[in-house]
Amino acid sequence: MTLLETRVAPEWVDYNGHMNDAEYARVFSLAVEALMEHIGLDAEGRARHAYTIYTLETHLCYRSEAQEDEPLTVDLMLLDHDAKRLHVFFTMRDGEDRELATSEQMLMGMSTESGRPGAFPEAVAERIAVLPRPADGEWPPLAGRRIGIPRHDR
């Protein structure tokens, strides 16, 4: 499911001539905002439900370089969820459908009144329930990875 379409802005390009690493994170952050809008937590929904989403953890994998003005799309896959958390996987692609980066994230639903985690409002939970999920046995290869230097002498 495509959540976001954008282009590499000139100010996102660094001294190496391609999109700076921090800007990949910016694009994935914009994708979280697009997800929030999709599930009914746009500005009006956040106010009505007194509810928002925080990012708890992110694992970003850089796969290829993005160039100035290059079109970008970000797709979403819901890996798991419970009453107040979403485990999501985003894939950023270029205009030729090449994978540029992935971002695995744990998101937490928060009551804006209490400032504490809380269950998704019913209308939001209903929209979450129909988000695309991986087919059986089709877990994204870059999901669930851990950072480390492989050691063959251990």
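Which strands each supply at least two residues of the lining of the largest pocket?

I began with what the model is: a predicted one, in which local features need pLDDT of at least 70 and side-chain atom pairs count only at pLDDT 80 or more, while totals for chains, interfaces and linings use all residues. Residues are numbered from 1 along each chain as its sequence is written, and side-chain values use heavy atoms, with hydrogens and water left out.

I then looked up the fold, and found three helices and five strands in the protein chain, where helices (H or I, at least four residues) and strands (E, at least two) are DSSP runs numbered from the N terminus. Read from the N terminus, the order in the protein chain is β-α-α-β-β-β-β-α. Along the principal axes, the C-alpha atoms of the protein chain fill a box of roughly 45 × 45 × 30 Å.

For burial, I noted that 42% of the 154 residues in the protein chain are buried, that is, under 20% relative accessible area with a 1.4 Å probe, protein chains only. Of the contacts (heavy atoms within 4.5 Å) between residues at least 6 apart in sequence, 68% join residues at least 24 apart.

Back to my opening question: strand S3 (71–81), strand S4 (85–94) and strand S5 (99–111) each supply at least two lining residues of the largest pocket. I listed among that lining Asp75, Met77, Phe89, Arg93, Glu99 and Thr102, and also Glu138, Pro140, Pro141 and Leu142. A pocket here is an open set of points on a 1 Å grid where a 1.4 Å probe fits, with protein on both sides within 12 Å along at least five of seven lines, and lining residues have an atom within 4 Å of a point.

Conventions. Buried < 20%, exposed > 50% of the residue type's maximum accessible area, 1.4 Å probe, protein only.
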